[in-house]
Amino acid sequence: MKTALAFSEIDAGMLAEVGGKAANLGELARAGLPVPPGWVLTTEAYRRVAEGLETSGDGLAERARRHLLEAPVPDDVRETIVTSYAALGDDVPVAVRSSATAEDLPFASFAGQQDTYLNVVGAEAVVEAVRRCWASLWTDRAVHYRESNGIDHAAVRLAVVVQEMVDARVAGVMFTANPVTGRRREAVIDANPGLGEAVVSGAVNPDRFIVHDGEILERHAGDKRLTIRSVPGGGTERVETAHDGLCLTDGQVRALAELGARVEDHYGAPQDTEWAIDEDGRLWLTQARPITTLYPLPEQTRPGLRVYFSVNVAQGVMGPLTPMGLSAFRLISAGAAGLPGYGPADPLDGAPFMSVSGQRMWLDLTTAVRSRFGRAVLPRMLALGEARTVPVFERLAQDPSLSVVHTSPRPVLRGLRRFARRIHAPSRILLALTRPKEGLAYAARLGEQLDRRLRLPEPATPAQRLDHAEGLLAAAFPAILSIMPMVLTGYGLFALASKLSGVPIADMQDVLRSVPHNPTTEMDLELWHLATRIEPEPFRKEPVAELVRLFEAGKLPPVAQREITAFLDKYGHRGVAEIDLGVPRWSEEPAHILGVLANYLRMDGVADLAPSALFAKGAEAARSAIAHVASEAGRKGRWRAAVVRFGLRRTREFAGLRELPKFYLVKTLAGVRQSMLAVGEHLVGLGVLDSAQDVYFLGFDEARAALDGGDLRAVVAERRETYERESRRRHVPRILLSDGTEPEALAMGAADGAADGALTGTAASAGTVTGVARVVLDPVGAHLEPGEILVCPSTDPGWTPLFLTAGGLVMEMGGAMSHGAVVAREYGIPAVVGVPDATHRITTGQEIEVNGAAGTVTPL
């Protein structure tokens with residue numbers, strides 16, 4: 001192996017030998033792009049110097065740096081550095097840059113994690129700069145960055161790039177896609193006089209330019225008070241300066257944007273580049289790496305600008321879905337699309353309005369955005385479950401590129417008529433109004449029918465299991481959705497009562513407290529009652545892992561063992577991120593439930609906080625609220641009072657059923673999950689998979705094809721890696737355009753205008769509470785002291801056992817009718833939802849006030 005390579009010699013396939021940055025420079029040089037000449041010291045040199053380095057244990061970063069700074073540089077490596085440097089000319093100033101093998105990964109750029117040394121002059125100075133670059137692989141920030149991204153320290157090596165310095169008149173950074181809004185092919189350029197280090201390090205407010213399709217959309221002059229420039233003989237100096245005007249001409253800005261487009265086209269992905277313009281006006285690329293923070297674009301099957309809405313965000317599942325989970329939702333969406341008459345030819349393809357990006361589900365809302373009917377109806381629907389999306393939708397309606405093209409409501413109305421007819425909406429509404437007990441009995445029978453359909457006659461072949469699963473999922477949505485007309489009748493009567501009485505809906509929220517027939521709250525209360533019946537030991541002493549071991553071995557105290565088993569028999573199909581068929585259920589991994597029980601058993605001596613007591617108080621508050629609203633209606637006429645009482649009683653009878661369709665859907669997914677596990681075991685026997693659980697990383701069509709044999713282990717391994725990578729994604733947009741734009745980012749901060757530093761969101765559950773915040777990103781294993789305020793990204797039913805001990809709720813996602821808001825109201829805990837970045841702006845242990853009526857969260 002060569003110890004040193006010129007850029008023109010580097011092949012992208014040599015990544016393990018030369019590191020990401022060096023491989024990129026090699027590709028750019030071979031592609032004829034303007035890269036300053038230079039060479040790379042390969043990772044073999046680093047390996048020899050780092051030999052014997054222990055890459056684990058306490059004090060790792062400091063210990064590793066000391067080892068590399070004190071270890072002698074092998075004679076042949078030193079000779080290679082000196083010879084290669086001399087080949088550039090006599091005492092040529094160079095930049096010495098680190099280039100780790102883990103750099104420029106699809107999910108982690110490693111920008112700024114290792115060190116760069118500028119204007120290095122002289123062979124010995126270059127040798128010393130190379131040594132310091134090696135040591136910078138072990139800076140505290142680099143070690144932490146690798147650990148946070150799951151990268152093995154022992155697997156990483158460092159090459160060193162030595163690059164001829166550009167005597168820069170002006171330099172900076174250019175992103176070929178807008179890193180803030182996500183818009184593709186929109187170059188964002190930061191520029192400052194002198195070396196680019198001033199811009200890269202954030203030491204200066206640079207000039208900023210935004211260019212799209214050759215048009216300069218924005219020119220913003222920074223103060224440019226600092227210039228970093230080369231010093232004759234080596235090194236750099238920082239000079240305080242004052243520059244009026246812009247440091248780039250329009251022609252230079254357009255030339256930069258054009259060069260950025262060439263780099264992006266070369267790599268086939270948006271790039272983060274560094275550049276310089278020398279004293280002769282020549283433009284140079286000094287670095288290029290992929291932009292790793294952009295959200296991937298959804299699959300686009302129709303031309304033009306499209307608008308996508310995140311199903312994951314709406315459902316409170318921020319992580320990715322497994323391939324089989326996505327395949328299941330394609331089948332479910334196909335059944336849904338068939339109701340209004342728009343089903344696909346092949347159900348496995350999914351509905352035409354469903355798309356996938358970042359292993360998450362997206363709905364194409366373009367038709368609604370570009371139709372008069374959609375613009376009138378969709379914001380009202382979104383206001384109930386995703387209030388933060390409403391202003392985004394309204395801004396999109398003002399975009400000329402999304403102007404109205406569908407003016408007639410007739411096609412939509414025809415589809416709605418077919419939809420209503422196929423779920424028997426008229427008869428269900430009549431049932432809810434006239435025979436509520438029969439309506440509730442119908443909802444219960446639907447669950448019994450589902451249980452029967454889930455049972456597959458044994459023995460069943462793998463092919464029969466796949467047939468059964470596909471048929472079940474395609475038919476699930478139409479059957480389960482037939483409950484919703486009764487639910488909507490209840491909420492419609494709620495709105496009617498507000499109109500007849502003159503009492504605003506916001507002041508009627510107590511009517512919706514502690515409603516019956518909600519399977520989620522029934523589950524939570526049953527878990528609470530279970531905690532009051534079981535033996536408190538070992539739950540008060542043992543860690544959750546030990547409780548799991550005892551339970552799975554059947555060695556918990558007898559009552560606890562029996563009661564928990566019975567609970568999981570009834571509710572074990574539930575779990576966190578339960579809409580994903582590929583995710584384990586509580587019955588498979590009971591750690592969360594056992595941890596919640598341990599949390600409940602810490603509530604001794606706070607009987608007034610007991611969920612059962614709070615639920616009873618909520619029911620009483622609801623009765624009082626109905627009486628008050630009816631009294632107000634009676635002031636305008638006796639018949640109004642009678643209608644209001646009738647309507648609000650129906651509201652309470654049917655509002656709780658809102659959670660039932662999802663309860664039944666999740667039970668369906670859990671049943672299919674178990675059946676697919678048997679298919680996975682069969683594929684293991686055929687040698688197709690290593691583990692039965694691997695089947696969840698296949699689609700239904702792939703699982704069927706695999707019954708004929710083959711080897712999918714490499715495919716599964718790659719998909720697991722992608723899934724884990726997506727699980728680390730910190731940000732998922734709620735609305736995304738097909739050009740990559742995140743509309744919400746365009747108006748970020750508009751909702752932050754509350755006084756006294758309060759954070760604003762959507763009022764979800766009335767009441768005011770002051771308490772200590774507990775930020776929870778994952779409910780599994782979370783510990784919430786009684787009265788603490790739960791601050792979380794979003795919730796699904798897997799979170800709700802935590803609500804029983806929470807004093808209040810703050811969520812980043814959701815609207816007044818989202819899952820978390822509904823359950824919070826039923827438990828009577830103040831809640832504010834749709835608070836942007838709440839989990840970052842609030843810290844655990846901070847005292848906050850939650851005003852659930854005003855929709856504000858105030859740090860104290």
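**Ground rules.** I call a residue buried under 20% relative accessible area, exposed over 50%, and partly exposed in between (1.4 Å probe, protein chains only). The model is predicted, so I kept local features at pLDDT of at least 70 and side-chain atom pairs at pLDDT 80 or more, while totals for chains, interfaces and linings use all residues. Residues are numbered from 1 along each chain as its sequence is written, and side-chain values use heavy atoms, with hydrogens and water left out.

**Leucine 689.** Is leucine 689 buried or exposed? I found leucine 689 buried, because its relative accessible area is 3%. Leucine 689 sits in the loop between α26 and α27 (700–706); helices (H or I, at least four residues) and strands (E, at least two) are DSSP runs, numbered from the N terminus. I counted a contact as heavy atoms within 4.5 Å. Setting aside neighbours within four places in sequence, leucine 689 has contacts that include Leu683, Leu698, Leu712 and Val716.

**Cores.** Next I checked the nonpolar cores: sets of buried Ala, Val, Leu, Ile, Met, Phe, Trp, Tyr and Cys residues joined through side-chain atoms within 4.5 Å. The largest has 122 residues, and Phe539, Ile564, Leu597, Met676 and Phe700 have the most contacts inside it. Helix α26 (residues 660–685) gives the most to this core, with 10 residues. Another core, of 38 residues, lies apart from it and includes Val73 and Tyr85.

**Helix pair.** I then turned to helix α20 (residues 519–533) and helix α23 (residues 591–600), which pack at about 60° with axes 9 Å apart. Axes are lines fitted to C-alpha atoms, for helices over the stretch in contact, and angles run from 0 to 180 degrees between N-to-C directions. From α20, the contact uses residues including Leu527 and Trp528; from α23, Val596 and Leu597 are among them.

**Strands.** Two strands pair if DSSP finds at least two bridges between them. I saw β10 (residues 226–230) and β11 (residues 236–240) run antiparallel, joined by five bridges. Isoleucine 228 has arginine 238 as its bridge partner in β11. The two strands form a hairpin with five residues between them, and glycine 233 in the turn has a positive phi of about 90°.
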